Amino acid sequence: MKRIFLESTTGFLVSVLAYTALFYLNNWLTSYISYGLGVNWVYLPAGLRLFLTLIFGLPGALGIALASFLISYLGEFPHELTTCIGVGLISGFAPYLARIFVLSNLKISPDLGNLSLPKLAMCTLIYAALSAGLHQWWFAVRGLDQTGSINHFFVMLIGDVLGTILLVGLIKGGLDLLKPSKLA
């Protein structure tokens, strides 16, 4: 029981800190190509959201939800508690819902041992569509200016897919650099 609590707490804290750090790094790197409120042409944290929920499950989703709520409330979004809670919940639970869907329908094992490139691509597309759709629906429901359109949906979808591909590429490249050289 103590081990489960420790693992859950670790997953939650890693998710809060990693998502927050990558959000602000992404914001700094891509602020000049932002499409609108909460919509970026390249969104690296999308890939992190997917991986944190695939790896940590519910604690990852809760960590992302808390971080996203705080980022929204303290950032560019209107300081409306309901709006920012919704943004946080969608940010954390869209990838978690995608996780549930892909684990059961794409036959991915919970330890991700059989996660292949085609399965990862499907995970990315399912998650990006779900996330972009729910975010833009919520922005429209809340009446946020210049949000909630089909154009915002497609840009967010593209940004989430590109961000995930770039993040996966950076992680893969980093792991390749850590491998011992075969020439030595």
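Predicted model: local features only at pLDDT ≥ 70, side-chain atom pairs only at ≥ 80, totals over all residues.
Colleague: Which residues line the second largest pocket?

Modeller: The lining consists of Phe-51, Leu-115, Leu-120, Val-168, Ile-171, Lys-172, Leu-175, Asp-176 and Lys-179, and the largest share, 5 residues, is supplied by α6. The volume of this second largest pocket comes to about 190 Å³.

Colleague: And what volume does the largest pocket have?

Modeller: The largest pocket has a volume of about 420 Å³, and among its 27 lining residues those nearest the centre are Phe-23, Gly-38, Asn-40, Tyr-43 and Phe-77. Two or more lining residues come from each of α1 (2–30), β1 (34–36), β2 (39–40), α3 (58–74), α4 and α6 (150–178), with α1 giving the largest share, 6 residues.

Colleague: How do the residues of that lining divide?

Modeller: In the largest pocket the lining residues divide into 14 polar, 10 nonpolar and 3 charged.

Colleague: Changing topic to the largest nonpolar core, which residues touch the most other members?

Modeller: Tyr-19, Leu-48, Val-102 and Ile-108 do, out of the 23 residues that make up this core. At least two core residues come from each of α1, α2 (44–56), α3, α4 and α5, and α2 supplies the largest share, 6 residues.

Colleague: What does Leu-48 touch?

Modeller: Setting aside residues up to four places away in sequence, Leu-48 touches Ala-18, Tyr-19, Leu-22 and Leu-167. There is also a second, separate core of 10 residues, and Phe-77, Cys-84, Val-87 and Trp-138 are included in it.

Colleague: Where does the side chain of Ser-72 reach?

Modeller: The Ser-72 side chain reaches the backbone oxygen of Ser-68, at 2.8 Å.

Colleague: What about Gln-136, buried or exposed?

Modeller: Gln-136 belongs to helix α5 (residues 117–141) and is buried, its relative accessible area being 3%. A polar atom of the Gln-136 side chain lies 2.7 Å from the backbone nitrogen of Gly-148.

Colleague: Which residues is Gln-136 in contact with, leaving aside its neighbours within four places in sequence?

Modeller: On that basis, Gln-136 is in contact with Val-39, Thr-147, Gly-148, Ser-149, His-152, Phe-153 and Met-156.

Colleague: One last thing, what is the phi of Lys-107?

Modeller: Lys-107 has a positive phi of about 55°, although it is not a glycine. Most residues other than glycine have a negative phi. Lys-107 is placed in the loop between α4 (81–105) and α5, and it counts as exposed because its relative accessible area is 59%, where the cut-off for exposed is over 50%.

Note on methods. Residues numbered from 1 in each chain as written. Heavy atoms only, no water. Helix = DSSP H or I, 4+ residues; strand = E, 2+ residues; numbered from the N terminus. Buried < 20%, exposed > 50% of the residue type's maximum accessible area, 1.4 Å probe, protein only. Polar contact = N/O pair within 3.5 Å; in protein donor to acceptor, adjacent residues only side chain to side chain. Contact = heavy atoms within 4.5 Å. 1 Å grid on protein atoms, 1.4 Å probe; cavity = no way out; pocket = protein on both sides within 12 Å on 5 of 7 lines; lining within 4 Å. Points joined across faces, edges and corners; volume = space filled by probe spheres on them. Nonpolar A, V, L, I, M, F, W, Y, C, P; charged D, E, K, R; others polar. Core = buried A, V, L, I, M, F, W, Y, C linked by side-chain atoms within 4.5 Å.
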